[in-house]
Amino acid sequence: MPIASTPLNRFLVAALLCMTMGNGLALWKFRVPMRQGYGDFASFYTAGTLVRRGQGSELYNATAQWKVQQEFSPEVKIRRGPLRYLRPPFEAVLFSLFARWPYATALVLWTSLKFALLAAIPFIVVRHRDWTESFPLWATVLFVPGTFPGFIDFLLGQDAALLAFLFAISFWQLAADRDTGAGFTLGLALFKFQLVIPFVVVLLVAGRKRVLPGFALSALSALGISGVVSGWRALLEYPAYLLSLNQATGVGVIAAANQVNLRGLLSFFVGLSPYPGRIHWALAPIALAAIAYTGLVWRKAGRGYLAEGFGLTAIVAIVTSYYAYSYDLLLLIVPLLAIRARPGDAPRADRASRYLEAVGLLLLLLPPVYWLAKLQLHAECLMALPLLVLAVALERRLRQAGAAVEAEANTRAPARGELR
């Protein structure tokens, strides 16, 4: 039975459509501050401008960044310093193309490109698959701005839509057994290396070892481009640059409470501080164990559960990463679409898993939950909790599939012995 015919799904569809209209009105209301440079796109535009001027070596220089931002966003009153560029140098090459235009025009072009990428994702993921929902596939793109991750990505001018698009391409490649191409595509997404590297490690543990050559090729290409753009000295200093921002006080974008991951949750309960060093020793083994377990449980379930394995891996990459924000959850659109497009004769999850999925999705999709965590509780990190609920549901699916595969193998083994 199509999921959309259930009362819960009809409620979600109606709610997301309402939220899309509400978020659209909110974006229109904030159009002036967005045009003035209040969003995160200001840091991307700054990096692109520096590269375009041949000043790539100054990408991480606060003085150079502040000078550029004063040129196009002098009306921004909330900053006493630059909005820092945090991505590797190779992504700045992309934004140098947008730096050809004035800031407001560049923001419109960047937003239009992101919407086009999001509109393409459903057709990439559901390619050659059955779509059994009661609404057309093209309509799914209308729901994305209704989610908080989609809304905040558009509001801030972030690059989460580009990340989700590249993950959609990699999913398509994995589904077609083109693992090398999937690895190459994931290498292009290394501007969010904290999410991509754990994802690739899980794929390797899960037995998709052919992703490694493609990933290595694109990763080395990105490294070479970064070295050319910023110079090797600036590139080698890049990790220390990120760490210094994390340790600094008053840097809101690095605050642990803003992270939708285990680091944020542990910091919230252990004690809010800009650099909660005492929790790092606990995070490392938890992250390594979660990554290894995800790869093993996916490998045992087999390749027939690509959607569930892809989704669980994406969640594990997010919750175990050191930096993860609410807009990063936009990449979950890929496995969610894939799960909705499974064949009608595919094994159905048990009731507990379905309830866990429903609860996790309900909390993740509806913006009021985020606004409660962000504005009332001042702890976006609490959104990691529904992520963990959804992860448990997907893990149960994979574990049960693995148990079924093992049981089938055990029943066949005696039969082969009797034939001998």
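How many helices and how many strands are there in the protein chain? The chain has 20 helices and zero strands, where helices (H or I, at least four residues) and strands (E, at least two) are DSSP runs numbered from the N terminus. The structure is a predicted model, in which local features need pLDDT of at least 70 and side-chain atom pairs count only at pLDDT 80 or more, while totals for chains, interfaces and linings use all residues. Residues are numbered from 1 along each chain as its sequence is written, and side-chain values use heavy atoms, with hydrogens and water left out.

Of the 420 residues of the protein chain, 52% count as buried, a class that means under 20% relative accessible area, as against exposed at over 50% and partly exposed in between (1.4 Å probe, protein chains only). Where contacts (heavy atoms within 4.5 Å) in the protein chain join residues at least 6 apart in sequence, 77% of them link residues at least 24 apart.

Helix α10 (residues 179-188) and helix α12 (residues 211-230) have axes that come within 6 Å and cross at roughly 30 degrees. That makes α10 roughly parallel to α12, since angles under 35 degrees count as roughly parallel, over 145 as roughly antiparallel, 65 to 115 as roughly perpendicular and the rest as oblique. Such axes are lines fitted to C-alpha atoms, for helices over the stretch in contact, and the angles run from 0 to 180 degrees between N-to-C directions. On the α10 side, Asp179, Thr180, Gly183, Phe184, Leu186, Gly187 and Leu188 meet Val211, Gly214, Phe215, Leu217, Ser218 and Ala219 of α12. By class, this contact of α10 with α12 has seven nonpolar, five polar and one charged residues, with Ala, Val, Leu, Ile, Met, Phe, Trp, Tyr, Cys and Pro counted as nonpolar, Asp, Glu, Lys and Arg as charged, and the others, Gly among them, as polar.

Further along α12 lies Ser226, which is buried, with a relative accessible area of 2%. Not counting residues up to four places away in sequence, Ser226 touches Pro89, Phe90, Gly231 and Leu235.

In the loop between α9 (160-175) and α10 lies Asp177, whose phi is near 60 degrees, a positive value in a residue other than glycine. Asp177 is partly exposed, at a relative accessible area of 41%. The axes of α9 and helix α16 (residues 306-320) come within 11 Å and cross at roughly 145 degrees, and this crossing is right-handed. Phe167, Ser170, Phe171, Leu174 and Ala175 of α9 make the contact with Leu306, Ala307 and Phe310 of α16, and the residues of this contact divide into seven nonpolar, one polar and no charged.

Helix α11 (residues 193-205) has 13 residues and reaches 18 Å from its first C-alpha to its last, close to the 18 Å expected at 1.5 Å a residue. The buried residues in α11 include Leu195, Val196, Phe199 and Val202, and just after α11, Gly207 takes a positive phi of about 100 degrees.

Lys300, placed in helix α15 (residues 280-301), counts as partly exposed at 45% relative accessibility. Although Lys300 and Ala401 are 101 residues apart in sequence, their C-alpha atoms are 7.9 Å apart in space.

Methods. The expected span of a helix is 1.5 Å times one less than its number of residues. A crossing is left-handed if the near helix is turned anticlockwise from the far one by less than a right angle, and right-handed if clockwise.
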